[in-house]
Structures are given as structure tokens and as C-alpha cells.
Amino acid sequence: MKAVKAINLTKTFALSPLGARKIIALKDISFEIEEKEHLAVMGPSPSGKTTLLKVIAGIYLPDKGDLLIYGNSVRKKARAVRNLTCYMSPQIQLNKKLTVKETLNYFTRILGKKISGEVEELLQSVGIVGENLNNRIETLSDAQLAVLKLAIGLIKEPKILLLDRIFGSLDPKVKEVFTDAIEKVSDQTTLVMVDQEMEILGKFCKKILLLSKDGSMVTMGSVEQLLRNYPYKFDIEVIPKKALSKEILESMGYPYQLMGSLVRFYLTSEEEVLDLTKKLLKIKDKIISFETSSIDVEDVYYWLISKE
């Protein structure tokens, strides 16, 4: 049985009180996710990424089509869907005046579950153990708070974990701790992620679903397959002292993309890397730095978006 199966899924939102004007967030999309598969949902803003995660979580219901979670229709069995999924977002807040123990007791009571050894281990990894359970939420470090939210989500033992822009909201030290926490649980969970941290998406996800601005699906495939279809093998990212002129950029002789004043050149071979490196060294007085890297998920994403 598939963990997730979307069938001609469409979701709209009313722009006026009477619903005369509507915006289409998701447009007739169909896809499947296998159990324990890790999927990155990508696309420009807006393209319905968060909306899709909320439909999978049973928070939103589709207007047309359906979405099945382990065979349960989100339209007909929303409660069962919510019990099988855990949606996490920086927007979800906890009562800061309660202690950790009071918070955990509240969620175990309403969910009818006990705290598993896995959740206890997760809390212990950031020092939430013993007397520290009596600390108020407002006294926790950012890392402890992030891991506590994850632990609360795992109390109901969800089969699908939905992470909505979690990593992009964390500072580097907290991100490292939270990454370790996700690694502890991800092997046993179907994971669906939306995040601006491309490195994190590449680390956890082996499959990509790309949405377009109109909410339709552009493509879905494994990272390996998409990289294989990508026409380039390397990129050189250049940080100039000030924006390089079009004349200079085109004199390099390779395709490039501008992101503000930053430039990314795309290359097909090591010979091209060597050639462009020599050319860049000739204008080193105009450059702060440049760096060569192999093609990754971020490159493929921008390539696919540019074809839209």
C-alpha cells in the first residue's frame, strides 16, 4: 500500500467573503509516495507547497480529487489521516508558561499515548531529562525547543512526518542539533519536506516533486534520475566586487545565471572548469572569490524552474 496517493488533487481558496473570486493553490496533481520514502516538495513562491503538506496532514481538504494516506481518504477519513501524520512548522507555538512535563502530559493525555523510549532518547539528546522536565518552555534554548516540538509530534507515532520550512528558521548551531534529531527518526518514517535549505533537502530526500507557480506539477523523480538528465556536471559560483557587465560575462563563453550580483556558470566537463578558471583569474581584480562544485539538487531545481 502506498503511503501517499494523490488523485487529480485540486485545492482553491476564496479571495472574497462570498467566494466569487478564488485562487488555485493546487491544480489537478497526481503522484504517489512509497512507505519510508523521503520527498522534497519544491517550487517558486507561491506554488502550493505548504498547501500540499497541509492537505497530506488532513488540515485542508481538497476541493476536487482526493488524497489517500495508507488507503484512507482525506475527504472521508480526515481523523484517521491526522492520526497517521505529523505536520511541523515554525508557526506552531507552545504555551511558554507551562513546564516541559506539563506540556508533555497534556499531549499524551489528548492523544491517548505514552511517551516512547525513542521520544525520551530524543529529549535526552538536548538535555531535557530529570529535573529539567520541570523547566518552563520559555527557559528552553532554541535547540531544546525545536527538538521538543519534534518529540511532541512523535508522541502519536505518526507514519508520515511533514516538515514545513523548519530548517530555514533555525540558526546554524540549532540546525545541526535538529538535523541529528531528524536523522534518528527518519529511517522509520515517510518524510515529506518543504524548505529553502537546499543542502538539507539534498541530505534527507532522494526524490523531488516540483510544483509550478500555477499549482500544477512540473515533474517528480529521484534526485539521481534528475541529475542524470541535467545537461551540466559542474558549476562555478562567482562573487564579484560589484556586478559584472554583460560583456564580461558573455566573454567567459559559458552559460550562466545571475542571482543579484552573484554569478553561477554551468559546465559540462573538467576541461571546461579548467578553462573558465583561467579566464576568471585574468579578471581577479574584479572578483572577491569563486568556487567550483559538482551539480546538486539546487542546480537541478533552478534548471527545471527556468524551463517553465
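Leaving aside neighbours within four places in sequence, Asn-72 touches Leu-67, Lys-77, Ala-80, Val-81 and Leu-84. The model is predicted. Asn-72 sits in strand S5. Is Asn-72 buried or exposed? Its relative accessibility is 15%, so Asn-72 counts as buried, the cut-off being under 20%.

**The sheet around S5**

Strand S5 belongs to an open sheet of 4 strands. The order is S2-S1-S4-S5, and the pairing is antiparallel. Two strands form the edges: S2, residues 22-33, and S5, residues 72-73. Each of these edge strands pairs on one side only.

How many bridges join S1 to S2? There are 8, and the two strands run antiparallel. S1 covers residues 4-14. Across this pairing, Leu-9 faces Ile-29 in S2.

Helix H1, residues 49-56, lies across S1, S2 and S4. Strand S4 spans residues 64-69. Relative to S2, helix H1 runs at about 60°.

Where is Ser-212 found? Ser-212 lies in the loop between strand S9 (207-211) and strand S10 (217-222). Its relative accessible area is 4%, so Ser-212 is buried; the threshold is under 20%. Ser-212 and Val-297 are separated by 85 residues in sequence. In space, their C-alpha atoms are 17 Å apart.

| Residue | Relative accessible area |
|---|---|
| Asn-72 | 15% |
| Ser-212 | 4% |

**The chain as a whole**

The protein chain contains 11 helices and 14 strands. Its C-alpha trace spans about 65 × 50 × 40 Å along the principal axes. Of the 308 residues, 46% are buried.

What share of the contacts with a separation of 6 or more comes from residues 24 or more positions apart? In the protein chain, that share is 71%.

The accessible surface of the chain comes to about 16,100 Å². Carbon and sulfur atoms hold 50% of that surface.

Charge comes next. The chain carries 45 positive and 40 negative side chains. The centres of the two sets lie 7 Å apart.

Terms used: Residues are numbered from 1 along each chain as its sequence is written. This is a predicted model: local features need pLDDT of at least 70, side-chain atom pairs count only at pLDDT 80 or more; totals for chains, interfaces and linings use all residues. Side-chain values use heavy atoms; hydrogens and water are left out. Two strands pair if DSSP finds at least two bridges between them. Contact means heavy atoms within 4.5 Å. Axes are lines fitted to C-alpha atoms, for helices over the stretch in contact, and angles run from 0 to 180 degrees between N-to-C directions. Buried means under 20% relative accessible area, exposed over 50%, partly exposed in between (1.4 Å probe, protein chains only). Accessible areas come from the Shrake-Rupley method with a 1.4 Å probe; for residues, only the protein chains shown count as cover. Lys and Arg count as positive and Asp and Glu as negative; His and the chain ends are not counted. The place of a charge is taken as NZ of Lys, CZ of Arg, CG of Asp or CD of Glu.
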